[in-house]
Amino acid sequence: MNTPVLEVQQISKFFPAVVANKDVNLKLQSGEILALLGENGAGKSTLMNIIYGLYQPSSGEILVRGKEVRIRSPHDAIGLGIGMVHQHFQLVPVMTVVENVMLGSESVRQGLLDRDMASQRVLDLSRDYQLEVDPCALVEDLPVGIQQRVEIIKALYRKAEILILDEPTAVLTPQEIEGLFEVMDLLRKQGKSIIFITHKLKEVLRIADRIAVLRQGELVGEVQPKEASETRLAAMMVGREVMLQVDKTDAKPGALILETHDLQAKNDLEETCLNQVNLNVHAGEIVGVAGVQGNGQTELVEVLTGLRPLEKGRIHIGGKDLTNATPRQITDQGGICHVPEDRHSFGMVTSYSVADNLVLNSYYQPPFVNGVMIQRESIEENAKSLIQKFDVRTPSAQTPVGSLSGGNQQKMIIAREISRPIQLMIAAQPTRGIDVGSIEFIHQQIVAKRDEGIAVLLVSSELDEIMALSDRIVVMYRGSIFGEVSSKDATRKKLGLLMAGVQPNSESIHESSH
Amino acid sequence: MSFWTRTARIAVGMVFLMLLMAILVEITPLGENLWMRVFFGISALNFTLRAAIPLVLGALSGILCERSGIINIGIEGMMLAGAFAGFVAKSSTNDWPLYLSLFFSVMVSLGVGGLMGLLHGTLSIRFRMDQIISGSVIIILAAGLSSYLYDRDAIAVGKFTTLPIPLLSEIPVIGPVLFNNPPITYLALMLVFVVHIAIFYTRWGLRTIAVGEHPRAADTEGINVNRLRYLNTMFSGMLAGLAGGYLVLEAVGQFQEGMTAGRGFISLAAMIFGNWTPFGALGAATLFGYTQALQNEFLMAGVTTIPRQFVSMLPYVVTIVAVSGLVGRVRPPAAIGKPYETEGGKS
């Protein structure tokens, strides 16, 4: 067997109180795609950051082309031919594509930047690897799919032979993901080696040559895609059997709960981000809102929960007109519960205890308050029962919620939100970044609420989640509802086209690649 | 990117418009009108330039610092420190040949300004102090120290005098205004071009912008974010020190306590008004300088129809209007004011 281009031996990384990686061994052969699979927090990113020089390992060695190396900074990594496409793109929005690509490896002529030569090289690379991009475009004007190409070009511009792609598919539409896989295939054929990090099982089986699974910082196994299945990989990731499908019966929609008329709103940049949104949700059904991030889903949820003013349009909840009502009016009179997309900023006070966080939406009502005095005992009792009922794993009710894992924080929020009388549940990205076990639990809770006759609006950028839970799916594109599909007719392809702004029956399907 | 960015065109256009009016006033009967002479006479333009130079240098100082992501409200203090240091250097080398002594004093102004910059850098980078507070520390420190150490008997003998540029200074109107000035004035105007080119056309500039906008991105490309920020705050301090040196060694010739009189803050306004670009800052500084010149011209011409207090208010009113965003949106560097910590830094 050839010498691996990259080998990590017995790598461990300890953070205060956390073991991020423990005795990890990995080999990457030239011209192969190695998938690194694991849940959020399994240590994938930490391991890659070690290889890219952003972290120093606590112990262990890294070998590049058979030689032991010490990678102290990204500068060293780049010098060794290692390139990384980060999960959160590392691009400067106000600079052009070529400026971003050359940053740190600038070509200079007579003391001045040689933009022309760099542009030429960007064009060459984009032709060689089918990564079409305009070198003079400002990065902030580009859609995320193109920004990702810029990131890949950036790595190739530095003559990277080993490419680390950290969760590259999280922000893409299904069609864009296919495009990315074609690029990865092309790179593999040209002899580049790729480490592909993901937690999505389908993707791994589709593209990888070899799959390594990390769990709680340790390598739990390596498998070939041929001999793997989704169920087996999921079990390896989580350490036990997992239900990948959500068991649910057909919906029995009842009365109309949420009704919106021609909603229009502006985003933080004062641009119109919602336009003529008409949405109905009935009792006892789950309506999924699909769409590529940034097409108005966030603002839609904010408008419905009273966090963002409406320019035009009306909102009725349970027959009541709650247009531009305050959040408290909406939660109290509308019976809405809100699982926010950014749980750290909007879902909890991280320095407060679990018990206090559990009454953030009801502390002003009896039994938690008597006159002006907070009733500690009631809050404690409430916490005790919810922690048990919703399986929130916390050392005690007094632990600051910020020190819990993402999954347990989310379970705490769900517990708080749905344990009061509600008629409409708005869940935005309810399982983003949490472990498979918690996802399973939260999905069950959402379906249970539906079966109790609650109307559910589910906003998610994970297509699998939308398809698994929804009874009806609407797709948002550029601030409007671009299409609606019943869950029976929904396919990834159909939704993907709608997400990209193409009506599946129109003739322009083939021109929709970007 | 084309050299003449929008702000650069506006700034240069404004300067040309003023020169054109001055030429008209000088050679046509327009000059018989008192108001025309007050607004566009050569003396108004001369005064404008003299008032604008410290603002230009101060604003360039702010640009260097803030483009790399460090807020610099301490320009006022760095300027004062530069002025005081220049004065001390000049008054203790009075027996040297005049130009040697002046040159030495300018170097001292630059050096002390640079040290103040490094102090600001150390407080806000190494010790992660809030950058507004660190800037305030600089201001209070400079005001206190310069007042405490000031020897009221010391006298600086001589200052920079005008160096007419052969031929160019003979051109009517333009010559006397632009090409018959003392050396720091020329230097400041040249620095506008130099900083413009350095920021938008060199490796250092590209990295400075990246570090000020998205330091993590710069870091992942192997750029040492904090080292660049130290370097830029030092350059920033040097330019502010030079502005102080200008006040003592070229404009006034002596030191007075608190002689910067808010110029550091107006520089900051010029930098913001100019959207963190050198030419924008030049345009804004010219505008602010012009309002100060008008104040002077009104007095000289004996205009009494407008109360003096209103004219004195003008520079500040224009500053407030400019910075309050009435003139369109400006966009500060995205990462400004946030200390940067490398990802693996804590462990």
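**The hairpin and its surroundings**

Author: In strand S5 of chain A, Lys67(A) is the bridge partner of Val64(A). The model is a predicted one. Val64(A) belongs to strand S4(A), residues 59–64, and S4(A) pairs with S5(A), residues 67–69, in the antiparallel sense over three bridges. Two residues lie between the strands of this hairpin, and Arg65(A) there has a positive phi near 50 degrees.

S4(A) has another pairing as well: strand S1(A), residues 6–15, runs antiparallel to S4(A), with five bridges between them. Within that pairing, Ser12(A) is found opposite Ser59(A).

Next, the packing. The largest nonpolar core holds 162 residues. Among those with the most contacts inside this core are Ile51(A), Phe196(A), Leu233(A) and Leu424(A), and Ala210(B) is also on that list. Helix H5 of chain A, residues 144–157, gives the largest share of the core, six residues. Domain 1 (6–238) and domain 2 (256–352 + 420–511) of chain A each contribute at least three residues to this core. In general, nonpolar side chains tend to be buried together in soluble globular proteins.

Ala210(B) deserves a separate word. Leaving out residues up to four places away in sequence, Ala210(B) touches Val92(A), Met95(A) and Leu103(A) in chain A, along with Ala217(B), Ala218(B) and Ile223(B) in chain B.

The contact between the chains takes 24 residues from chain A and 20 from chain B. On the chain B side, helix H9 (203–213) and helix H10 (215–220) each supply at least two residues. H9(B) provides the largest share of that side, six residues. By type, the chain B side consists of seven nonpolar, six polar and seven charged residues.

Last, a helix of chain A. H14(A), residues 406–418, has 13 residues and spans 18 Å from its first C-alpha to its last, close to the 18 Å expected at 1.5 Å a residue. Of its 13 residues, 12 are buried, and H14(A) is thus described as mostly covered. The buried residues include Lys411(A), Arg416(A) and Glu417(A), as well as Met412(A), Ile413(A) and Ile414(A). Their packing partners in chain A are strands S19 (336–339) and S22 (424–428) and helices H11 (343–347), H12 (354–357), H13 (376–389) and H15 (436–451).

Terms used:
Residues numbered from 1 in each chain as written. Chains lettered and ligands numbered in written order. Predicted model: local features only at pLDDT ≥ 70, side-chain atom pairs only at ≥ 80, totals over all residues. Core = buried A, V, L, I, M, F, W, Y, C linked by C-beta atoms within 7 Å. Buried ≥ 20, exposed ≤ 12 C-beta atoms within 10 Å, placed from the backbone. Helix = DSSP H or I, 4+ residues; strand = E, 2+ residues; numbered from the N terminus. Domains from an automatic or database assignment. Contact = placed C-beta atoms within 7 Å. Pairing = 2+ DSSP bridges. Expected span 1.5 Å × (residues − 1). Nonpolar A, V, L, I, M, F, W, Y, C, P; charged D, E, K, R; others polar.
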